[in-house]
Amino acid sequence: MVSTLSFEKMTINEKLQIMEALWQDLCSNQEQIPVPQWHKEILDSRARLVEEGQAKFMDWDSAKKRMADRIA
């Protein structure tokens with residue numbers, strides 16, 4: 001059962017504490033979280049590229065710029 005919380009009345013700190021608690025709970029129950037087959041296939045493909053030495057990486061600043069350019 002999900003409780004209704006008044007997020008508008010909560011402080012940022014309270015919201016962050018709730019997020020951290022939720023994340024911790026999800027992390028401790030990872031095996032219960034369904035993973036779609038398409039996601040597994042993408043991860044397997046990327047792992048294969050790394051193992052074969054064909055993966056391409058970029059620094060975080062370049063990745064952020066690339067994502068921002070795609071949105072704009």
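Accessible areas here come from the Shrake-Rupley method with a 1.4 Å probe. On that basis, the protein exposes about 7,300 Å². Carbon and sulfur atoms supply 59% of this area. The model is predicted. Its pLDDT averages 92, and 94% of the residues score at least 70.

The secondary structure comprises 3 helices and 0 strands. Along the sequence, the pattern reads α-α-α. The radius of gyration is 19 Å, well over the 11 Å that the globule rule gives for 72 residues, so the protein is more spread out than a compact globule. Along the principal axes, the C-alpha atoms fill a box of roughly 50 × 35 × 20 Å. Buried residues account for 3% of the 72 residues. Confidence is lowest in helix α1 (residues 12-28), where the mean is 94. It is highest in helix α2 (residues 37-51), at 97.

A polar atom of the E14 side chain lies 2.8 Å from the backbone nitrogen of T11. The relative accessible area of E14 is 36%; E14 is therefore partly exposed, as this value falls between the 20% and 50% cut-offs.

Helix α3 spans residues 60-71 and has 12 residues. From its first C-alpha to its last, α3 reaches 17 Å, close to the 16 Å expected at 1.5 Å a residue. D59 caps the N-terminal end of α3. A side-chain oxygen of D59 lies 3.2 Å from the backbone nitrogen of D61.

D61 also contributes its side chain to a salt bridge, with K64 as the partner. A search of the whole structure finds 2 such bridges. In the K64 and D61 pair, the closest N and O atoms are 3.7 Å apart. Both residues lie in helix α3, 3 residues apart, or about one turn of the helix. K64 has a relative accessible area of 38% and is partly exposed. D61, at 54% relative accessibility, counts as exposed because the cut-off is over 50%.

K65 forms a salt bridge with D69. Here the closest N and O atoms are 2.9 Å apart. K65 and D69 both lie in helix α3, with a separation of 4 residues, about one turn of the helix. K65 is exposed, with a relative accessible area of 52%. D69 is partly exposed, at 46%.

Definitions and conventions. Residues are numbered from 1 along each chain as its sequence is written. This is a predicted model: local features need pLDDT of at least 70, side-chain atom pairs count only at pLDDT 80 or more; totals for chains, interfaces and linings use all residues. Side-chain values use heavy atoms; hydrogens and water are left out. Helices (H or I, at least four residues) and strands (E, at least two) are DSSP runs, numbered from the N terminus. The expected span of a helix is 1.5 Å times one less than its number of residues. A polar contact is a pair of N or O atoms within 3.5 Å; within protein, one must be able to donate a hydrogen and the other to accept it, and residues adjacent in sequence count only if both atoms are side-chain atoms. pLDDT is the predictor's confidence in each residue, from 0 to 100. The radius of gyration is taken over C-alpha atoms; the globule rule is 2.2 Å times the number of residues to the power 0.38. Buried means under 20% relative accessible area, exposed over 50%, partly exposed in between (1.4 Å probe, protein chains only). A salt bridge is a side-chain nitrogen of Lys or Arg within 4 Å of a carboxyl oxygen of Asp or Glu.
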